[in-house]
Amino acid sequence: MKTTGRYLFAHLYMSVLHFESYKIGWMEAIDDAKFISDITIPGTHDTMALYGGPAAECQVWDLWDQLRAGIRYLDLRVVALENKLYVVHGIVNQHKSFFAVLNMIKGFLSEFRNETVLLRVKPELFGKNNVEKQVSKMINDDETVWVKSDMPTMGKVRGKVVFIQKSSFRLGVPLLETDNQGDYKVSLIADKEKKIGKHLRQASEQCGGNSVILSYSSGTGIGKPLTMHLTPKKLAVKINPWLAQYLGQFSIIHTKACLGVVAMDFPGIDLIQRLIKINH
């Protein structure tokens, strides 16, 4: 009942937001000549992590609501099993096939044709080598996806899914992360805030190149004895308001800036809109 109630609340919340003034198709205002790597893009970390309890859950909105809220970078952890691809978070099944997720993204883009969605696929667990092969087979000759390594301009990928390559998944444009290994592990909120600020400043200096720049505001204290209570959601409750304030100040000082992709846990409309407004 708790899970059902939580998702019911999320959907009711989003249905109310549909009457607000924010624009779903915000990329319509982006110049066709602008490179994807030179756009500030709100994203979600572990986009489909809706199940598994407090330690595993990173989002409350389903994929459709995330897209309508303005999220344009998706982070999928995918496992290959018996010639099918499933979305997971660690060992936790997220009850969606990759095929279903891809079709939902395409459905959104068929309605909002001026948008583009960046999609990172991270092979997980067993069968890692088969993930790219199966994705390649699934999207063969599909004109609604971009799998080239060349950085496209906005005009070239409106209405398309842009795949992001990294490590064991080599389809799409290159990705450069500002995080260092282990930065997601949080002991002190203040230290996490400093790291995020550092990463975003680094991102602003590297935008517009041959790689998409990715920074994270997400993290967890789980795994450390003194911070086991600091789940992804409890951390987001502290970090997200701070990040919204930081972005507000940043946009005042830097009127023509780019932060690349910022991947978040449990982002709200205000935080997403703060990122989008940096583009204008």
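Which residues does UniProt list for "domain: Phosphatidylinositol-specific phospholipase C X"? The unreviewed UniProt entry lists residues 30-166 for it, with positions given in the numbering used here, feature names shortened, and annotations that may be inferred rather than shown by experiment. This is a predicted model, in which local features need pLDDT of at least 70 and side-chain atom pairs count only at pLDDT 80 or more, while totals for chains, interfaces and linings use all residues. Residues are numbered from 1 along each chain as its sequence is written, and side-chain values use heavy atoms, with hydrogens and water left out.

**Overall build**

- The chain holds 7 helices and 10 strands, where helices (H or I, at least four residues) and strands (E, at least two) are DSSP runs numbered from the N terminus.
- Along its principal axes, the C-alpha trace spans about 50 × 45 × 40 Å.
- Of the 280 residues, 53% count as buried, a term that means under 20% relative accessible area, with exposed over 50% and partly exposed in between (1.4 Å probe, protein chains only).
- Among contacts (heavy atoms within 4.5 Å) between residues at least 6 apart in sequence, 74% join residues at least 24 apart.

**Nonpolar core**

- The largest nonpolar core has 75 residues, of which Phe98, Leu119 and Phe163 touch the most other members; such a core is a set of buried Ala, Val, Leu, Ile, Met, Phe, Trp, Tyr and Cys residues joined through side-chain atoms within 4.5 Å.
- Helix H6 (residues 232-253) gives the largest share of this core, 8 residues.
- Leaving aside residues up to four places away in sequence, Phe98 touches several residues, including Leu76, Val78, Leu119, Val121 and Phe163.

**Aromatic rings**

- The count comes to 5 aromatic pairs, where rings of Phe, Tyr and Trp (its six-membered ring) pair if their centres lie within 6.5 Å, and planes under 30 degrees apart count as stacked, over 60 as edge-to-face and the rest as tilted.
- One of these is the edge-to-face pair of Trp64 and Phe108, with 5.9 Å from centre to centre and 85° between the planes.
- This pair links distant parts of the chain, 44 residues apart, with Trp64 in helix H2 (residues 63-69) and Phe108 in helix H3 (residues 98-111).
- Trp64 is partly exposed because its relative accessibility is 27%, whereas Phe108, at 0%, counts as buried.
- Trp64, Phe108 and Phe112 form one aromatic cluster.

**Positive phi values**

- Most residues other than glycine have a negative phi, and most peptide bonds are trans.
- Asn83, which is not a glycine, has a positive phi of about 65°; Asn83 is found in the loop between strand E2 (73-81) and strand E3 (84-89) and is exposed, with a relative accessible area of 71%.
- Phe266 also has a positive phi, near 50°; Phe266 lies in the loop between strand E10 (261-264) and helix H7 (269-277) and counts as buried at 15% relative accessibility.
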